[in-house]
Each structure stands twice: as C-alpha cells, then as structure tokens.
Amino acid sequence: EITPEQYKEFYHHVSKNFDEPWMTLHFKAEGSIEYTGLLYIPGTAPYDLFQPDRKQGLKLYVNRVFISEKVEELLPSYLRFVRGVVDSPDLSLNISRELLQHDRQLKVIGQNLEKKVRADLEKFLKDDREGYEKFYENFGRQIGYGIVSDGGESRKDSLKDLMMFYSSTQKKLTTLKEYVERMKEGQKCIYYAAGESIAAVDKLPQTELLKDKDYE
C-alpha cells in the first residue's frame with residue numbers, strides 16, 4: 001500500500017538527508033521476537049560518516065511508542081550509514097537507555113538486522129552489478145571496516161564476498177570469488193598490493209614479475 005514517493009518522503013524524514021535512498025528494506029519478522037523494520041541505505045555517503053563523534057543507530061519504537069532516537073545496539077558500527085526505524089511489541093515500554101545496552105531481545109533483533117542487510121547486499125551484487133559498484137564507491141570502506149573492527153573475526157567469512165578490488169587484468173572492480181575462478185593453473189596465491197593510486201601500484205617492481213607470469 002506504500003508508494004515509492006512515500007518511502008522517499010519518510011527516508012528524508014528519518015535521515016535528514018536530501019538525496020534518494022539507494023536501497024529500501026521493509027520487512028516484518030515473526031517468531032520468538034516480533035518486530036518490523038524499515039531501513040534505508042543512502043544514495044550518497046553522509047559528509048560526517050567518518051567523524052568519531054557522529055552518532056549512529058536506528059530509531060526504536062515499542063508498539064509505535066517512541067523510545068530512543070539512535071540505538072547503537074541495533075546495528076554494528078560498520079553499518080553506521082544505514083538509517084531507519086524498528087518497531088517491536090515484545091520490548092518493554094519502560095526500557096531505559098542503560099537497559100538497552102544489555103537487553104537480550106534487542107541484541108537478537110540487532111543480529112537479525114545485520115544478517116538481513118548483508119543478505120540483501122549479496123542479492124543486489126548478484127542481480128545488479130553496476131548498481132552495487134555505485135554502492136561500493138560510497139560505502140565499500142565500511143564493509144572492509146567490518147572485517148577488521150571488533151568482532152570482525154567472526155564476520156569476515158560473511159563479508160568477504162561483498163568486498164571488491166581493482167583488478168590489474170580486468171581493469172575494473174572484481175570480487176575475491178571472481179579472482180579465484182580466474183587463477184592460472186598452478187597458481188596458489190592471491191596477489192595484492194596497496195598504494196596511493198592504481199598507477200603507482202602498477203609501477204612497482206614486484207608488479208612486473210607478476211605481469212611476466214600473466215598473473216592477476
């Protein structure tokens with residue numbers, strides 16, 4: 001019943017941004033914990049995305065009663081660019097800011113939200129490669145941060161397929177899975193280099209050795 005224009009209008013309301021949302025996730029979860037989520041991934045990276053004092057989190061409601069403006073426990077810090085609201089009838093209306101940090105049900109909702117966002121990003125990468133690359137230009141650094149930040153060891157396997165890197169042979173972004181599928185017979189390693197620019201990396205002496213072997 002909700003029109004695309006209404007979704008956009010609500011995005012502008014909850015995000016305080018004036019761009020268009022890149023992705024809209026609207027879903028209802030039922031089971032041991034019931035909740036409804038309406039999440040947005042912005043079309044452009046917020047100007048203050050990497051500022052340490054930037055507050056992250058989603059708006060929390062209990063039975064449509066407003067509880068808190070930005071609840072950090074609902075999403076891990078690497079998804080700090082996600083905006084939206086969560087409404088659950090199973091949380092207490094009297095829950096305080098201090099109790100939110102230790103509420104078991106809230107942590108379960110947070111884990112499920114993270115899985116939902118990851119699953120939809122994987123689907124988007126599969127269905128709309130060009131669109132996903134635009135997302136990655138804005139928020140790819142955050143996906144990488146999810147691997148190296150606190151708790152990254154437990155989520156690196158689920159995030160690695162969302163990572164993209166510039167390929168020396170394809171001359172465009174590629175995934176690790178695609179790289180492995182193109183590996184030469186007898187090649188046992190994934191070769192990578194970091195530098196100020198693609199041109200600078202291309203001039204490294206080590207790169208010449210790989211070019212001689214026709215390695216990516």
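Accessible areas here come from the Shrake-Rupley method with a 1.4 Å probe, and for residues only the protein chains shown count as cover. On that basis the protein exposes about 13,500 Å², and carbon and sulfur atoms supply 50% of this area. The model is a predicted one, so to speak of local features takes a pLDDT of at least 70, side-chain atom pairs count only at pLDDT 80 or more, and totals for chains, interfaces and linings use all residues. Numbering starts from 1 along each chain as its sequence is written, and side-chain values use heavy atoms, with hydrogens and water left out.

Overall, the C-alpha trace spans about 65 × 35 × 35 Å along its principal axes. The protein has eight helices and seven strands; these are DSSP runs, numbered from the N terminus (helices H or I, at least four residues; strands E, at least two). Of the 216 residues, 38% are buried, where buried means under 20% relative accessible area, exposed over 50%, and partly exposed in between (1.4 Å probe, protein chains only). Taking contact to mean heavy atoms within 4.5 Å, 58% of the contacts between residues at least 6 apart in sequence join residues at least 24 apart.

Now to the sheet. Five strands make up an open sheet with mixed pairing, in the order β1-β2-β5-β3-β4; two strands pair if DSSP finds at least two bridges between them. The edges are taken by β1 (21–29) and β4, each with a single partner strand, so one side of each has no neighbour in the sheet. With direction ignored, neighbouring strands of this sheet are turned by 10 degrees against each other on average. Helix α3 (residues 104–127) lies across β1, β2, β3, β4 and β5 (83–87), and runs at about 130 degrees to β1. Angles run from 0 to 180 degrees between N-to-C directions, and axes are lines fitted to C-alpha atoms, for helices over the stretch in contact.

Next comes the helix pair α4 and α5. Helix α4 (residues 129–148) packs against α5 (residues 152–159) at about 135 degrees, with the axes 6 Å apart. That makes α4 oblique to α5, given that angles under 35 degrees count as roughly parallel, over 145 as roughly antiparallel, 65 to 115 as roughly perpendicular and the rest as oblique. On the α4 side, Ile143, Gly146 and Ile147 meet Gly152, Glu153, Arg155, Lys156 and Leu159 of α5.

Two residues link these parts to others. Asn138, in α4, is partly exposed at 27% relative accessible area. Leaving aside neighbours within four places in sequence, Asn138 is in contact with Gly43, Thr44 and Ala45; Pro46, 92 residues away in sequence, is 9.1 Å from Asn138, C-alpha to C-alpha. Met163 sits in the loop between α5 and β6 (165–166) and, at 12% relative accessibility, counts as buried. Not counting residues up to four places away in sequence, Met163 touches Tyr136, Ile143, Gly144, Ile147, Thr174, Thr175 and Leu176.
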